[in-house]
Amino acid sequence: MRLFRFLFSLAATICLVWFFSSSLSVKGKDLPPLGSFFNPFSGFWKNGEPSTGVNFEDGTIPGLSAPVKVVYDDLLVPHIFAENVADALRVQGYITAQYRLFQMDLTTRKAAGRLSEVLGERTLKIDRETRRKGMMFAAENALLGWKKSPESLALLEAYSDGVNAWIDQLSPADYPIEFKLLNYKPEHWSPLKSALVTKAMAQTLCSREYDIESSNALQYFGRDTFDYLYPQWNPKQQPIIPDTGQWKDWHVLQPPPAPEAAGTIGALLNAPNGEMPEKPEMDRYSVGSNNWALSGQKTKSGKTMLSNDPHLNLSLPSVWFQVQIHTPESNAYGVSLPGTPGIVIGFNENTAWGVTNVGQDVSDYYTIKWTDATRMKYQLDEEVRSVVLRVEDIGIKGKPSFLDTVRYTVFGPLPFDYEADNPLRDCALRWTVHDVPDFSTLDVFLALNTGKGYNDYKTALKGFDSPAQNFVFASNTGDIAIQVQGKFPIRGKEQGRFVQDGSKWANAWHGFIPWDQVPGMKNPGRGFVFSANQHSVPPSYPYNYIGDFEDYRSRRIFDRLNNTHAATLDSMKAFQLDNFSQRAADALPAMLFLLDKKALNDAEKQMVAELEAWDYRYDANKLAPTIFDAWCDSCYALTWDEMDIIRKAKKPVLYPDGWRWIEMLQSDTASIFFDIKETPGRETATDVVLESFKQMEDYFQKNPSKKTNWGESRPFAIKHLALIDAFSRLDLKPGGHKTAPNAVSNSNGPSWRMMVELDKEVKAKGVFPGGQSGNPGSRWYDNMVESWAKGEYFDLQFLKTAEDTNEHLLGLQTFSPK
Amino acid sequence: MKNFFVSTLLIFALGNLCHFGLPWWGIVPIAFVVAFLFPQSGFGAFTAGFLAGLLLWGVNAILLNAANGGDFAGKIGQIFQGLSSTQLLYATGFMGGLLAAFGALTGQWAKDLTVKQLEKDYYQRRRRSGKYY
C-alpha cells in the first residue's frame with residue numbers, strides 16, 4: 001500500500017515536471033514549455049529590466065589587443081573608444097549582439113531560408129522561395145569575394161568573434177525573450193551570416209522586376225499602345241544627375257543590340273497561370289529614401305549640411321543600431337546594420353554621407369530552352385549545356401527536413417520551376433546580387449567611416465556593387481557630391497524590360513558600366529545635390545537602363561532645396577517632415593476640373609469644398625487627405641479596368657505609372673482607356689472622375705467610421721519582427737504619405753532621420769522609430785517612437801574622448817583582453 | 001507541527017539555490033529531500049511544499065516585476081490571451097507550489113516506506129490518541 005502510493009506520487013511528480021517541460025499546442029499556437037517560461041530564475045520574468053538605474057559592468061573579451069572603453073548615453077548609444085579598428089569592431093559585435101541578438105538571428109534565418117527550423121512547417125513556402133532565389137548562393141559568393149582581401153576578412157572575423165564572445169557567455173536565463181517564447185537557442189555567428197545580412201538588404205532594395213508583367217502587356221496591347229501607356233521618362237522629372245555636358249566626350253562601351261521582342265516567346269506568355277495576381281497599388285515604388293547635401297552658399301552658417309532619411313519597413317527592434325566608433329585614426333558616428341561591422345549612414349569629424357536606393361532594375365529573367373523532358377539539359381546557341389543541381393536541405397521543426405532541388409544555369413537559378421502553373425516556370429534569374437564581388441562591400445563603409453575628404457569618398461565607393469545606392473556626401477572643406485554607385489549591366493535598348501530568350505548568348509549581360517562612368521556630380525553651381533529615388537540621369541546619358549523611379553518626392557524636394565537660402569538644421573527638419581504630396585498637387589486640380597459639380601448632392605458638394613480648401617499636405621489632423629486618397633485610388637482603378645480584365649484571366653500585367661495617368665487626366669481626357677469596358681457607352685475622363693467620386697462617397701456612407709482624419713484612418717503599425725502584437729506599437733497615428741518627403745505609409749517610412757552640419761564642431765540630430773534595445777522588457781525598446789511620430793529629433797552625442805562628460809551620459813564600461 | 005514550518009522554510013531557502021545554477025525544477029528534488037528528513041503527515045508535507053514553492057516562485061517573480069514596473073509582464077500577459085500581470089504572478093506561484101508540493105509528498109511517502117510496518121502502526125495509534133512525534 002505504502003509502496004503503491006509512493007510510486008503513484010513519484011509518477012505524478014515526474015509527469016508534472018514533464019508536463020511543464022513540454023511544448024504544448026493550444027489553438028494551433030505553440031506555447032513555450034510552461035515551467036522554463038514561467039519560473040522566475042530563468043523564465044520570462046528575468047527579461048523585464050529594472051525601470052530605473054543602470055549597471056554597466058566591465059568585462060573581458062577574448063582577442064582584444066588592448067582595453068576598450070564604452071561610454072553609454074541616455075539613448076543607450078554605445079560610444080566605443082578603441083586603440084585600433086579590429087578591437088573596435090570586436091566590441092561593436094559584442095555590444096550589438098548584447099542588444100539585438102534575436103534580430104540578427106531572425107534576419108539571417110530569413111535570408112538563409114532557415115525559418116522553418118524554428119517556426120515549423122508554416123514557413124516552408126517562404127524558405128523554399130528564398131533558397132530558390134539563390135540568397136544563400138549569393139551570400140556564399142559574397143564571402144568568396146571578401147576573402148580576396150585578408151585584411152578585410154580579419155576585420156569581419158573580429159566582428160564575428162565579438163558576437164560569439166557575447167553568445168558564449170550567455171546562460172539560458174539571459175536569452176532574449178523571443179528565444180524563450182519560440183523555445184530555441186542562439187547559435188554562433190560567422191562571416192557568412194554577415195554576408196546574409198547584406199543580401200537580405202539587397203533583397204529588399206534591388207530585387208524588383210516586372211519582366212513578365214511588361215511582356216504580357218506588350219503582347220496584349222501591341223508596341224504602339226504599350227509605348228503610349230508605359231513611357232519610361234516623365235518630362236517633369238528632376239533626375240539625380242542632370243546633363244551638364246559631362247558625358248559628351250566619354251569613350252563609351254558599346255551596348256549590345258536590342259534583344260528580340262517578347263513576342264517570340266509567346267508560348268511562355270500563354271502558359272496557364274496559377275493564381276490571379278493581386279491588384280497593385282498606384283505607383284509601384286515603395287521602398288525609397290531621401291538624401292541631400294547643401295553647400296555653404298545655401299546655408300546660414302556657410303558650412304555644408306547633409307541630410308538622409310532611408311525609408312524601409314518599420315519594425316521593432318529597428319533596422320538600425322546607433323553607434324560611435326573612435327580609434328586614434330578616426331572618429332565616426334552613425335547607424336549600423338546589426339550583423340555587419342562599421343557605420344552605414346553617418347559622419348565623422350570631416351565628412352558626412354548617406355544613401356538612397358537606386359531604382360535600376362538589375363534582375364532579368366531568361367527563358368530556358370530545354371532539350372528534353374527531364375529539363376536537365378538546355379540549348380545555348382549551338383551548344384547543349386547541363387544544369388547544375390543544388391540540393392537545399394530545409395530543416396522543419398518537429399518534422400523531417402524537406403529536400404528541394406534547384407536547377408542552376410549559366411544565367412542563374414530557376415526559382416519557379418517547381419510550380420507548373422507559374423509563367424516564369426522555365427525562366428532563369430540573372431541578378432547582380434548573385435555575383436562574386438571584386439571588393440568587399442563592407443570595406444566601402446569602413447573606408448567612408450575613416451574618410452577625410454572628397455578623394456577618400458571616391459576611393460571608398462569604387463567597386464561597391466549591390467544593392468546600388470545614391471551615395472550623398474559633404475565635407476567640412478566645402479565639397480558636396482552625389483554618386484549613383486552600383487554594378488549596372490551594359491544594356492541594349494530596353495533590354496531587361498521583358499523576359500528574354502535564354503537560348504541565345506547574345507541576350508546575356510556582356511559587361512558592366514565602368515566604375516568611372518557611373519553617374520556622379522560634385523559641387524554643382526546650384527549649390528545642392530539630392531536624391532529621392534528618382535531617375536538617375538536623363539535619357540541623354542550614354543548607357544541604357546531600366547527600372548522603377550519615383551516621381552513626386554523628388555520634384556518637391558528639388559523645389560524646396562532650389563528655393564532655400566540661409567538654411568539651418570531646422571530648415572532640414574522641415575524638409576524631412578514635409579507632408580506635401582506632389583502627386584496630390586498634380587492630380588487633384590485635374591480631377592476637380594473634370595468633376596461635374598452639377599451632378600452632386602449637398603453632402604458631396606461639402607466634400608468638394610473640403611478638397612478645394614486642402615493644401616495637399618497629408619497631415620494627421622486633416623480630413624481632406626482621407627477623402628482624396630480614396631477618390632484617387634478609385635479613379636485610377638476605374639480607369640484601368642482593361643488591366644483588371646487581363647489580371648482576372650490570371651496573367652500578371654503592368655499598370656501604368658501614376659504620373660502618366662495624371663498626364664492623361666490633364667491633356668488626354670478622351671483616351672480610349674477612360675472607357676469602362678463593362679458599359680455599352682463610351683466614357684471619357686469626365687465620366688470616370690464622376691463615377692469614382694460617387695463610388696468613394698458611397699464607400700464612406702457605408703463605412704462612416706472610415707471618414708475621419710488621415711492619422712486615424714490609416715492603419716499605421718510598427719510591428720515586432722516576429723509579428724508579436726504585444727511587442728508591437730499599434731497606437732500611433734502619424735501623418736505623411738509615400739508620395740510626400742515624409743514618406744510614412746502603413747508600415748513603411750523613414751527608418752532613420754539624420755541631419756548633419758559640418759562645422760568645426762560637427763552638429764547632428766537624429767531619431768528613429770524604435771530604440772537601441774531589442775528587448776521588449778527594456779525601457780530603451782521603443783523610447784524614441786513617440787518623438788519620431790511627433791517629428792522631434794535628438795541631439796546626437798558626438799564625443800571626443802571616453803572621459804567627456806555631459807548630462808546625457810549614463811556610464812562607462814571597460815572591456816579588457818582575456 | 002514543528003516539521004511543517006521547518007520544511008516550508010527549508011524548501012523555500014534551499015530553493016533559492018536555483019538562482020545559482022540549479023535547473024528551474026530544482027525545487028522538486030529539494031522538496032523531496034527536505035520532506036524525507038523532516039517527516040509529517042502526507043497532507044502536511046504536500047501543504048508545506050506547496051506553500052514553499054508558491055512563495056519561492058511568487059516572491060522572486062514579484063521582486064523582478066516590481067523593479068520593472070509591471071510593463072513587461074503586461075506585454076507577456078497579452079501574448080497569453082490577455083492575462084494581467086497579477087494573474088501571471090498567481091500562475092507563476094501556483095506552478096512553483098504544485099511542483100514543490102508533489103516533490104514533498106513523494107519524499108514523505110518515500111520516507112514512510114523506510115519505516116517498519118509496526119512502528120508505522122504505532123505512530124498512527126499514538127497520533128490518533130493526540131500525541132505527536
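This report walks through some features of a predicted model, from the contact between its chains to its strands and domains.

## Where chains A and B meet

Let us start with the contact between the two chains. On one side, 34 residues of chain A take part, and they touch 32 residues of chain B. Two elements of chain A each give two or more residues to the side that touches chain B: helix α1, residues 2-21, and helix α2, residues 34-38. The largest share comes from α1(A), with eleven residues.

Next, look for strand β7 of chain A, which covers residues 305-313. Eight of its nine residues are buried, so the strand is largely enclosed by the rest of the structure.

Which strands pair with β7(A)? One of them is β6(A), residues 288-294, which runs antiparallel to β7(A) and is joined to it over seven bridges. Here A:Ala293 stands opposite A:Leu306 of β7(A). Another partner is β27(A), residues 753-757, again in the antiparallel sense, with four bridges. A:Leu306 turns up here too, standing opposite A:Val756 in β27(A). This makes A:Leu306 a handy landmark, with A:Ala293 opposite and A:Val756 opposite as well.

Strand β26(A), residues 748-750, also pairs with β7(A) in the antiparallel sense, over three bridges. To find this pairing in the model, go to A:His311, whose bridge partner in β26(A) is A:Pro750.

## An open sheet of three strands

Chain A also holds an open sheet of three strands, ordered β19-β13-β22, and its pairing is mixed. Which strands lie at the edges? They are β19(A), residues 427-431, and β22(A), residues 500-501, each of which pairs on one side only.

Strand β13(A) spans residues 363-367 and pairs with β22(A) in the parallel sense over two bridges. You can trace this pairing through A:Thr367, which has A:Asp501 of β22(A) as its bridge partner.

## Two domains of chain A

Finally, step back to view chain A as a whole. The chain is divided into domain 1, made of residues 30-65 together with 82-204, and domain 2, residues 582-713.

Methods: Residues numbered from 1 in each chain as written. Chains lettered and ligands numbered in written order. Predicted model: local features only at pLDDT ≥ 70, side-chain atom pairs only at ≥ 80, totals over all residues. Contact = placed C-beta atoms within 7 Å. Pairing = 2+ DSSP bridges. Buried ≥ 20, exposed ≤ 12 C-beta atoms within 10 Å, placed from the backbone. Domains from an automatic or database assignment.
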